[in-house]
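Here is a short briefing on one protein model. Keep the coordinates open while reading.

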2 protein chains.
Amino acid sequence: MSQLQRIAIAPSQFQQGQILLTKEQQHYLGRVLRLREGDRFIAMDGKGKWWLAQLAGEQAQVLESLLVETELPVSITLMVALPKGNGFDEVVRCCTELGVTCIAPVLSDRTLLDPSPQKLERWRRIAAEAAEQSERSFVPTILEPVAFNTGLSLVIGHLSFANSQQYICEARAEFPHLKHCLQHKGQMTSDKGQETIVIATGPEGGWTTQEIENAIASGFQPVSLGRRILRAVTAPVVALSLITASCEV
Amino acid sequence: MSQLQRIAIAPSQFQQGQILLTKEQQHYLGRVLRLREGDRFIAMDGKGKWWLAQLAGEQAQVLESLLVETELPVSITLMVALPKGNGFDEVVRCCTELGVTCIAPVLSDRTLLDPSPQKLERWRRIAAEAAEQSERSFVPTILEPVAFNTGLSLVIGHLSFANSQQYICEARAEFPHLKHCLQHKGQMTSDKGQETIVIATGPEGGWTTQEIENAIASGFQPVSLGRRILRAVTAPVVALSLITASCEV
């Protein structure tokens with residue numbers, strides 16, 4: 001069971017046993033995932049090819065190619081406002097089973113607490129256990145909790161917008177249902193690399209109007225998960241269920 | 001918040017303030033839902049009309065029509081093998097939020113315990129609370145736990161097969177994904193009445209081969225929820241997420 005973190009690359013970045021990293025990827029690996037020179041990670045080309053790679057300056061050395069059968073062909077990041085109590089444990093567990101790539105816990109205006117560092121360790125342990133139980137090839141990355149606006153820039157900072165979809169879920173508004181918005185980009189051109197989906201779900205009481213506006217300004221599309229009001233711990237599992245089903249080959 | 005149970009009728013059964021019940025509906029109301037003469041229930045015609053009705057022999061008296069905005073236009077029954085521990089509480093809570101109509105807990109060959117009557121009361125209380133929190137108009141029915149084969153005949157006994165879909169979820173087999181199977185019968189003829197979907201999810205370790213075969217013999221189609229192995233408490237939420245999204249208007 002690998003604990004390595006993953007990034008999506010375009011097939012054209014893979015050249016003679018090396019991966020030429022873009023500026024955005026260098027930033028994501030170093031600043032978001034906090035990898036250092038010589039650290040290993042997984043590079044995926046979105047066409048079913050996975051490589052074990054080692055960071056070496058502005059490029060990465062490919063160490064070996066990997067066989068993967070239980071992972072989705074799409075990179076899925078869940079930005080989730082931390083719920084009260086221990087409910088987040090179950091969110092990490094269920095979303096890992098479903099196939100999430102990265103979970104970015106965020107503190108929203110309506111989030112009360114700032115979790116302890118022990119919590120982060122606990123969530124990473126739960127993700128590792130759930131990945132093993134669900135027979136996944138890789139353990140999802142759990143990022144450190146940050147303020148919502150910081151999370152927005154971290155998560156979208158490395159995205160290629162030509163090939164990514166960003167959604168923010170909100171109840172009680174007349175937004176279109178997520179099912180109508182999910183785009184199926186099965187036929188990608190070889191230069192675009194792996195498809196990425198980012199989905200954000202809110203705290204008890206929902207996102208504030210300002211948070212929704214900031215997300216929209218960052219390229220997020222507001223969506224609904226249906227007419228009934230879901231708890232903050234149910235919404236991520238429902239959203240992931242719809243996204244992973246739409247991506248499953 | 002109404003605690004009334006619901007049945008689906010064909011629009012043609014509604015005549016001059018009365019609902020003419022079929023033999024199957026009489027059996028379902030009396031034997032499965034355990035209603036008695038004079039008890040009230042909800043009748044739905046699958047076209048957005050809901051009535052409060054009162055059982056009177058082989059028919060029902062319509063007391064008033066109801067305004068419903070947060071309920072799905074489809075009746076969804078979840079047959080679920082009871083998981084170990086207290087995990088079922090969360091299944092009841094999440095599936096109620098998602099819009100389930102009826103939950104039928106069953107004891108499978110791999111189910112270890114027979115729950116106490118206090119458990120049933122507890123689940124019904126959780127369903128009532130979750131229905132209120134999620135702003136539903138009605139509380140789902142939680143049936144008494146029965147053996148799987150008994151559950152099969154109870155649940156399908158009152159179905160009109162022309163207008164129902166039955167699925168049983170199983171991992172590790174090469175069954176088609178539920179998303180490919182869900183049929184959208186939006187254009188129903190007025191005689192067929194409300195659409196019904198029954199979905200069955202298994203225990204830890206999965207259904208036995210015999211259980212799958214019995215379900216198939218009862219008209220169930222075996223389906224997959226994806227390539228990763230979901231826990232017994234996650235699978236019902238994932239299945240309901242896909243079904244309710246496909247039904248949401």
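This is a predicted model: local features need pLDDT of at least 70, side-chain atom pairs count only at pLDDT 80 or more; totals for chains, interfaces and linings use all residues.

Chain B superposes on chain A by a rotation of 180° with 0.0 Å of shift along the axis, at an RMSD of 0.0 Å. The two copies are thus related as by a two-fold rotation axis.

**Symmetry and contact surface**

- Both copies use the same surface. Of the contact residues of chain B, 100% recur in chain A.

**Largest pocket**

- The largest pocket has a volume of about 820 Å³.
- It is lined by 44 residues. The closest to its centre are Leu230(B), Arg231(B), Ala232(B), Val233(B) and Thr234(B).
- By class, the lining of the largest pocket holds 19 nonpolar, 12 polar and 13 charged residues.

**Strand β7 of chain B**

- Strand β7 (residues 75–81) of chain B has 7 of its 7 residues buried, so it is largely enclosed by the rest of the structure. The cut-off for buried is under 20% relative accessible area.
- Ser75(B), Thr77(B), Met79(B) and Ala81(B) point one way from β7(B). Ile76(B), Leu78(B) and Val80(B) point the other way. Residues on both sides are buried.
- β7(B) pairs with β12(B) in the parallel sense, over 6 bridges. Here Leu78(B) has Ile199(B) as its bridge partner.
- β7(B) also runs parallel to strand β8 (residues 102–107) of chain B, with 5 bridges between them. Ala81(B) has Val106(B) as its bridge partner in β8(B).

**Strand β11 of chain B**

- Strand β11 (residues 164–169) of chain B is mostly covered, with 6 of its 6 residues buried.
- Ser164(B), Gln166(B) and Ile168(B) point one way from β11(B). Gln165(B), Tyr167(B) and Cys169(B) point the other way. Both sets are buried.
- β11(B) is joined to strand β12 (residues 196–201) of chain B by 5 bridges, and the two run parallel. Gln165(B) is partnered by Ile197(B) in β12(B).
- β11(B) is joined to strand β13 (residues 221–223) of chain B by 3 bridges, again running parallel. Tyr167(B) stands opposite Gln221(B) of β13(B).

**Open sheet of chain A**

- In chain A, 6 strands form an open sheet with mixed pairing. The order is β1-β4-β5-β6-β3-β2.
- The edge strands are β1 (6–8) and β2 (14–15) of chain A, each pairing on one side only.
- β2(A) runs antiparallel to strand β3 (residues 18–20) of chain A, with 2 bridges joining them. Gln15(A) has Gln18(A) as its bridge partner in β3(A).

**Gln59 of chain A**

- Gln59(A) belongs to strand β6 (residues 59–66) of chain A.
- Gln59(A) has a relative accessible area of 30%, so it counts as partly exposed.
- Leaving out residues up to four places away in sequence, Gln59(A) touches Gln18(A), Ile19(A), Leu20(A), Leu21(A) and Gln54(A).
- Arg93(A) lies 34 residues from Gln59(A) in sequence and 33 Å away in space, C-alpha to C-alpha.

Notes:
Residues are numbered from 1 along each chain as its sequence is written. Chains are lettered from A and ligands numbered from 1 in the order in which they are written. Side-chain values use heavy atoms; hydrogens and water are left out. On a 1 Å grid over the protein atoms alone, a cavity is a set of points where a 1.4 Å probe fits but cannot get out, and a pocket is an open set with protein on both sides within 12 Å along at least five of seven lines; lining residues have an atom within 4 Å of a point. Grid points are joined across faces, edges and corners, and a volume is the space filled by probe spheres set on the points. Ala, Val, Leu, Ile, Met, Phe, Trp, Tyr, Cys and Pro count as nonpolar, Asp, Glu, Lys and Arg as charged, and the others, Gly among them, as polar. Buried means under 20% relative accessible area, exposed over 50%, partly exposed in between (1.4 Å probe, protein chains only). Helices (H or I, at least four residues) and strands (E, at least two) are DSSP runs, numbered from the N terminus. Two strands pair if DSSP finds at least two bridges between them. Copies are superposed by least squares on the C-alpha atoms of residues with pLDDT of at least 70 in both. Contact means heavy atoms within 4.5 Å.
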